[in-house]
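Here is a walk through one protein chain, from its overall layout to single residues. Keep the structure open while reading.

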Amino acid sequence: QQPRDMGQQNSTRKPILSPRKYTKASGLDNILILTDSYKITHYKQYPPGTTEVYSYFESRGGVWDETCFFGLQYLINTYLVGKVVTKEKIEQAAEYFKLHIPTFNFNREGWEYIVKKHDGHLPIAIKAVPE
């Protein structure tokens with residue numbers, strides 16, 4: 001049997017998605033979509049006039065006595081640095097959530113504020129333990 005050209009697709013296998021090649025079309029580069037569905041409702045739960053939110057995560061326990069924290073620099077540099085909110089991404093997210101959760105109004109106004117006030121840069125500060 002001849003070696004298969006790695007560029008050809010085997011009909012029984014799904015192609016491996018290269019993040020750099022497919023992110024724009026798939027929405028994987030859109031921070032507005034990369035979330036648990038229920039979290040898009042959180043903005044309605046904040047008291048009127050809220051300007052800051054402090055969030056954290058922690059281990060819920062388990063088998064191990066220690067937690068090894070790593071990968072934050074990758075996540076920051078991939079998803080949070082630079083102009084990550086654009087009008088195009090807002091439109092993409094609005095369409096996605098309209099199909100995903102038709103009864104819920106997407107927070108377009110909040111994301112447009114980020115574009116207008118911060119030129120699409122997220123106004124965040126990150127505190128973390130060393131990796």
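The model is predicted. The chain has four helices and zero strands. Read from the N terminus, the order of elements is α-α-α-α. Helix 1 covers 19-26, and helix 2 covers 72-80. Helix 3 spans 87-100, and helix 4 spans 108-118. The chain holds 131 residues, and 17% of them are buried. Now take the contacts between residues at least 6 apart in sequence. Of these, 74% join residues at least 24 apart.

Next, the interior. In soluble globular proteins, nonpolar side chains tend to be buried together. Here the largest nonpolar core has 15 residues. L32, V85, I90, A93 and F106 have the most contacts inside this core. Which elements give two or more residues to the core? They are helix 3 and helix 4. Helix 3 gives the most, with four residues. Setting aside neighbours within four places in sequence, A93 is in contact with N30, L32, I33 and F106. Two of these partners, L32 and F106, are also on the list of core residues with the most contacts.

Move to the loop between helix 1 and helix 2, where I40 sits. Is I40 buried or exposed? I40 counts as buried because its relative accessibility is 12%, and the cut-off for buried is under 20%. Residues up to four places away in sequence are again left out of the contact list. On that basis I40 touches T35, F97, I101 and F104.

Now the charged side chains. Side chains of opposite charge can pair when their charged atoms come close. The count for this model comes to four salt bridges. One of them joins D36 and K39, with the closest N and O atoms 3.6 Å apart. Both partners are partly exposed: D36 has a relative accessible area of 42%, and K39 is at 37% relative accessibility.

Another salt bridge joins R108 and E91, where the closest N and O atoms are 2.5 Å apart. This pair links distant parts of the chain. R108 lies in helix 4, E91 lies in helix 3, and the two are 17 residues apart. R108 is partly exposed, with a relative accessible area of 29%. E91 is partly exposed too, at 42%.

R108 has a further partner. The side chains of R108 and E112 meet in a salt bridge, at 3.9 Å from N to O. Why are R108 and E112 separated by about one helical turn? They are separated by about one helical turn because they are four residues apart in helix 4. E112 counts as partly exposed, at 37% relative accessibility. Together, E91, R108 and E112 are linked in a network of salt bridges. E112 can also be placed against K87. These two residues are 25 apart along the chain, and their C-alpha atoms are separated by 7.3 Å.

Turn to the open space. The largest pocket has a volume of about 2800 Å³. How many residues line the largest pocket? The lining has 48 residues, and Y46, V53, S55, W111 and I124 lie nearest the pocket's centre. Helix 2 and helix 4 are the elements that give two or more residues to this lining. By type, the lining residues divide into 31 nonpolar, eleven polar and six charged.

D119 lies in the segment after helix 4. Its phi is near 55 degrees, a positive value in a residue other than glycine. D119 counts as partly exposed because its relative accessibility is 43%, which falls between the cut-offs of 20% and 50%.

Technical notes. Residues are numbered from 1 along each chain as its sequence is written. This is a predicted model: local features need pLDDT of at least 70, side-chain atom pairs count only at pLDDT 80 or more; totals for chains, interfaces and linings use all residues. Side-chain values use heavy atoms; hydrogens and water are left out. A nonpolar core is a set of buried Ala, Val, Leu, Ile, Met, Phe, Trp, Tyr and Cys residues joined through side-chain atoms within 4.5 Å. Buried means under 20% relative accessible area, exposed over 50%, partly exposed in between (1.4 Å probe, protein chains only). Contact means heavy atoms within 4.5 Å. On a 1 Å grid over the protein atoms alone, a cavity is a set of points where a 1.4 Å probe fits but cannot get out, and a pocket is an open set with protein on both sides within 12 Å along at least five of seven lines; lining residues have an atom within 4 Å of a point. Grid points are joined across faces, edges and corners, and a volume is the space filled by probe spheres set on the points. Ala, Val, Leu, Ile, Met, Phe, Trp, Tyr, Cys and Pro count as nonpolar, Asp, Glu, Lys and Arg as charged, and the others, Gly among them, as polar.
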